[in-house]
Each structure stands twice: as C-alpha cells, then as structure tokens.
Amino acid sequence: MQVRTARRELAGARRAATEAAESAERAARSARRLALAVDVVPVGVMVADEGGVEVLRNSTAAGLLEGGPGGVLVGHALTTMMAEAGRGRSGAQTVDLLGPPPRTVVVRSQPLTEESDLLGAVGTMEDVTERRQLEATRRDFVANMSHELRTPVGALAALAEALADEPDPDVMRRLARRVVDEAERATRIIEDLLDLSRIETEGAESRPPVRVSALLARATERVESAAREQGTRLVLPSDDPLTVPGNEGQLVSALANLLDNAIKYSPAGSVVEVTVGHGDGEVQVAVRDEGIGIPAKDHERIFERFYRVDPARSRNTGGTGLGLAIVRHVAINHGGRVMVQSREGEGSTFVLVLPEVHP
C-alpha cells in the first residue's frame, strides 16, 4: 500500500515537473516571440523596470543610440524622458541633429502602470526626418504652384480689362497676342504638373527594350519649332543600336525636357549637341549647350520643382521650373540617374544615365 502511494506521488511529481517545464518553455518562447516582434518595429523601443533598469532595447533603438555624437544627444533626451516616466509622467522631446546628414528624432516616454502600481517605463525614438522633408516639400510645392499660376492668371485679367476699354485696333491686336502668350504659359505649367504627377504615380513597371536613337528622334520632334525660333542648331549622334529598358513616353519626355532646357538657356544661333555613350552596363545620353551656365551652389537644387537659378530669366524664356524635376523622376523610375556638369558662362552638360540592355 505504501509502495503504491509512493509511486503515485512520484508520478504526480513527474507530471508536475513536466508541466512546469512545459510552462517555462512556453513562457520563454512567448518572451522570445515578443522580443523578436519588438525588434522589427521601425521605431526605437526601450523598456525599463520599476527601478529604472533597462530590460529591453530593440535594434532600431540601438542604431539611434549608438550613432556617434547624434546618439549621445538622443540618449540624453531618452534618459530625461525615462526618468520622467519613472515618476509617473509621460513626455516628449524633439532632437534636431546637424549631421551630416541632418536628422530629426522625436523621443517619447510613457509610464507602465497596472491599476495604481508603477511597473516600469517605455521610451520610443522615431526618426521623422523623411516625414518632415516630405511635409516641407509639399508646402513648398503648393506655395510655388500658386505663385506660378497667379502670374499668368493675373496677367490675363489685366489684359482682358485693357482690351475691354481699348479702341485702337493695333493695340488690341498686340494685347490679344499677349493674352495668347499668357494663356499658353498657364497651359504649359498645367501640362508639366500633369506630366510630373503621372510620372510619379505610374513608375515604370513596363520596361520593354527601346532604341536610344528612336527616343532622340521623337524628343527632337517636340523641340524643333523652338530650335528654329531661337536659331539653334541641334547636333545629334548617328544612328546606333544602343538599347535601354523603359517606358518610352517617359523617356521621350525626359529627353525633350533636356533639349528644351538647353535651347531656352542658350544664346540665339548657338549649338546644342547630343552625344550617346555606353560602358559598365549603362548608357549615357549627354546634352551639351553653350548657354549661361549654372553656379556650383545650385547644382544640387536645380532638379527641385520650380527651382530656378535666375527667376527673371526663366520668366523671359517661359520656363515652368518643372522640366528638370520631370527628368529626375523619369531617371529614378528607370533605375538610372541624371547629372549636371556646368560652370557659369561656359554652358552646361546634362547626362541622363540609364541601364543598357542587349536586344
């Protein structure tokens, strides 16, 4: 009887030990699962216990806190915020890092409580640099677009008012021509905005092979009339078999904008030359002009929407300030890039670089 009892007790102890081991394993797996889940969160997360001792830090937090001088500043802000959370108060602080590159990190903290018990604190660190840049770009875009459209629309209103009270037929004809010019200018701005929006939205999912010579032929057709009016001679390369993958409409638009830009900013009677080369799996289409050139300080900014090196001259030439932004987005859509080589008074060369394919 005593032996059977001892056996039952031993079996019960074994079951209890097994269940405890299984429970511990489940708890350990749950803890590992939680740690892995927190580790893939794109926001830095740190957790401390009720004594302020760190118990968890994900990889994003480690990257932000260990990034040199910037990490020291973020760490100081986090320490301050976590101390506040340890006293039961949440907080937030924005840390602007000069870089390079400049960054903005928002540090937040929150106490962890259950009923009236303080169990610890959690701190988060979020790099909001890209979001802030997008917001600034959006604000600038709306302001610039409003300004650019206001100019021709205001001119149209003034010209219409002048036409209504003008008895001289010759003056009326001159005013009517101005109306047409301003209407065309507003139309160009709207068309470029639509092109840029379409290019940004559609990307370049369809990338069948297309010959560079065919792209240049179509782009040249778009600017021939402007070249004739300016007396500009277009020098194109001989037909060659170089082929790139891409959306033909987008690539033609990019090349036409480079040619149009070169014609507009070159003196009358000058030459715009296009050359095509290849190497290292890339095709380079270069458009060289004999224009006014671009200061070195503006090389990085000329591809921004509405940015102009010389606003007064741009208005005289009828530029919308969107052409080079279109070129840049087309290049990005096709896995390429656009570069500029220029010095003031010595002309400019824009190079569109695209992947090469062999048909």
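1. Val47 and strand β2. The bridge partner of Val47 in β2 is Leu56. In this predicted model, strand β1 covers residues 44-49 and is joined to β2 by 3 bridges, the two strands running antiparallel.

2. The sheet around β1. Strands β1 and β2 belong to an open sheet of 5 strands, ordered β2-β1-β5-β4-β3, and the pairing is antiparallel. At its edges stand β2, residues 54-57, and β3, residues 91-97, each of which pairs on one side only. From one strand to the next the twist averages 20 degrees.

3. The other open sheet. A sheet of 5 strands, also open, has the order β7-β9-β10-β12-β11, and here the pairing is mixed. Its edge strands are β7 (233-235) and β11, with pairing on one side only for each. The twist averages 15 degrees from one strand to the next.

4. The β11-β12 pair and its helix. Strands β11 and β12 run antiparallel and are joined by 6 bridges. Met339 has Val351 in β12 as its bridge partner. Helix α9 packs on the sheet and touches both β11 and β12; the direction of α9 makes about 135 degrees with that of β11.

5. The largest nonpolar core. This core has 43 residues, and Val244, Phe350 and Leu352 are those with the most contacts inside it. Helices that give two or more residues to the core are α5 (169-202), α6 (212-230), α7 (248-264) and α9 (323-333); the strands that do so are β9, β10, β11 (337-342) and β12 (348-355). The most comes from α7, which gives 9 residues.

6. Contacts of Val244. Leaving aside residues up to four places away in sequence, Val244 touches Pro208, Pro209, Val210, Val212, Leu215, Leu251, Val283, Leu354, Pro355 and Val357.

7. Backbone at Asp280. Which residue has a positive phi although it is not a glycine? Asp280 does, with a phi of about 55 degrees. Asp280 is found in the loop between β9, residues 271-279, and β10, residues 282-288. With a relative accessible area of 82%, Asp280 lies above the 50% cut-off and therefore counts as exposed.

8. Confidence. The mean pLDDT of the protein chain is 80, and 82% of its residues reach 70 or more. Residues 311-318 have a pLDDT below 50, yet the model gives this stretch 15 contacts beyond near neighbours in sequence. Where pLDDT is low, the predicted coordinates should not be read in detail.

9. Totals for the chain. The protein chain has 9 helices and 12 strands. Of its 359 residues, 36% are buried. Among contacts with a separation of 6 or more, 62% are between residues 24 or more positions apart. The accessible surface comes to about 20600 Å², and 54% of this belongs to carbon and sulfur atoms.

How values were computed:
Residues are numbered from 1 along each chain as its sequence is written. This is a predicted model: local features need pLDDT of at least 70, side-chain atom pairs count only at pLDDT 80 or more; totals for chains, interfaces and linings use all residues. Side-chain values use heavy atoms; hydrogens and water are left out. Two strands pair if DSSP finds at least two bridges between them. Helices (H or I, at least four residues) and strands (E, at least two) are DSSP runs, numbered from the N terminus. Axes are lines fitted to C-alpha atoms, for helices over the stretch in contact, and angles run from 0 to 180 degrees between N-to-C directions. pLDDT is the predictor's confidence in each residue, from 0 to 100. Contact means heavy atoms within 4.5 Å. Buried means under 20% relative accessible area, exposed over 50%, partly exposed in between (1.4 Å probe, protein chains only). A nonpolar core is a set of buried Ala, Val, Leu, Ile, Met, Phe, Trp, Tyr and Cys residues joined through side-chain atoms within 4.5 Å. Accessible areas come from the Shrake-Rupley method with a 1.4 Å probe; for residues, only the protein chains shown count as cover.
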